[in-house]
Amino acid sequence: MRLLILSLFLTAAVFVSALRAALPSYSADISVDVTAENAAAARERAMQQANRQAVSAIAANFTTREGLLVLNKLTDDQLLNFIKETTVLEEKTSNFRYLAKLRITANDQLLRQYLQEKNVPLVVASSADVLIIPVFHETEESQTLLWEENNFWRLAWEQFPQTVGSIRLFALAESNLPSLTAEQALDPDMPVLRQLNAINGGNDVYTAEAWYNGEQGLTVRIINLQTGKNDTFNIDGLRSSELFHKAVEETALHISDELKGRSIVSSTETRTITALYKFSTLSSWLKVEEKIAALTAVEGIRINAIGNGRIQFQIDYIGDFETLNKALENQRLQLTDTGNYYTLVNM
């Protein structure tokens, strides 16, 4: 009987190890449409463009805008060092044009190492849905607009919702809270704020206020409605839909940096904790393991023992425990210290 139990234990452990090898890496789906002097040149430029976009999109999971600026200074050949795999999902070519949808996987560990060598802050990636209330007026003193048809700022957010790493930003829809006014969005009372929090599941809510800055640009002010903190910046460009699109992208980066500032890793020294997790099926554990492995702070996961619906494992991580646990809570997981080890539970 003891031999049979050991055999089952080893089989389960091998099965888990085999499936762990299939854990996904960081990847990004990129669409390209490039025209050049010939098809070969168009494809080469498209690949260079796609690699740059993919590296930035993937790095946004664990760095701030400072890190993205560092990566943007690299040449196309230097960026290739971070590309692990490119898969062509769709492709069309002509004599002068190349169109494709590509799935590009990057070596995220190498990216993190490079940014750390450049003394760029490393952040613990955590998913977040940010609700944006886009308020617009022609000048700083003119009438504020929210649901009106000539609110071009709101239209830009609806047409170009932004995702920065694992942070998704989207505009409030009129159907969610039609009674909300632009004036309330700039200075909400508590009942309104409670309604907005409920709509967004308790996640962050920002008012993004924009007005024309003369004939060539927009001024944007973002207000965190929970804290009252605000930030104002200018976007240069002629009055056009492209100006609003550019402003949406820049606003998303500003908000992303503020959110990431809450979870900057202060130390790169590796620490290890032992944890116990109760599971119903091995597949349920693999889903949990995938969530843990995807966290920026996690350097590795090692299984010590498995049996009777329990897994004992170790997490190697950087930064402090509070930051790690906060990132886990964003994944609906929580670690509790029992004295000798930690227990991991679903929230």
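Me: Before we start, what does "exposed" mean for a residue here?
Reply: Exposed means over 50% relative accessible area. Keep in mind that this is a predicted model.

Me: Fine. Is Asn 308 buried or exposed, then?
Reply: Asn 308 has 83% relative accessibility, so it counts as exposed.

Me: And where does Asn 308 lie?
Reply: You'll find Asn 308 in the loop between strand E13 (298–307) and strand E14 (310–318). Its phi is positive, about 55°, although Asn 308 is not a glycine.

Me: What about Asn 119, what is its phi?
Reply: Asn 119 has a positive phi of about 60°, and it is not a glycine either. That residue lies in the loop between helix H5 (108–117) and strand E4 (122–123). Asn 119 is exposed, with a relative accessible area of 67%.

Me: OK, over to the inside. Which residues touch the most other members of the largest nonpolar core?
Reply: That core has 34 residues, and the ones touching the most other members are Val 32, Phe 62, Leu 71, Phe 82, Tyr 98, Leu 102 and Leu 111.

Me: Which elements each supply at least two residues of this core?
Reply: Strand E1 (27–35), helix H2 (39–59), helix H3 (65–72), strand E3 (97–106) and H5 each do. H2 gives the most, with 9 residues.

Me: You mentioned H3 and H5. At what angle do they pack?
Reply: H3 and H5 pack at about 100°, and their axes are 11 Å apart. Angles of 65 to 115 degrees count as roughly perpendicular, so H3 and H5 are roughly perpendicular to each other.

Me: Which residues meet there?
Reply: From H3 you have Gly 67, Val 70 and Leu 71, and they meet Leu 111, Tyr 114 and Leu 115 in H5. The residues of this contact divide into 5 nonpolar, 1 polar and no charged.

Me: Last topic: where is Thr 232?
Reply: Thr 232 sits in strand E10 (residues 230–236). At 44% relative accessibility, Thr 232 counts as partly exposed.

Me: How far apart are Thr 232 and Arg 221 in space?
Reply: They are 4.2 Å apart, C-alpha to C-alpha, and 11 residues apart in sequence. Leaving aside neighbours within four places in sequence, Thr 232 is in contact with Thr 219, Val 220 and Arg 221.

Note on methods: Residues numbered from 1 in each chain as written. Predicted model: local features only at pLDDT ≥ 70, side-chain atom pairs only at ≥ 80, totals over all residues. Heavy atoms only, no water. Helix = DSSP H or I, 4+ residues; strand = E, 2+ residues; numbered from the N terminus. Buried < 20%, exposed > 50% of the residue type's maximum accessible area, 1.4 Å probe, protein only. Core = buried A, V, L, I, M, F, W, Y, C linked by side-chain atoms within 4.5 Å. Axes fitted to C-alpha atoms, helices over the stretch in contact; angles between N-to-C directions. Parallel < 35°, antiparallel > 145°, perpendicular 65-115°, else oblique. Contact = heavy atoms within 4.5 Å. Nonpolar A, V, L, I, M, F, W, Y, C, P; charged D, E, K, R; others polar.
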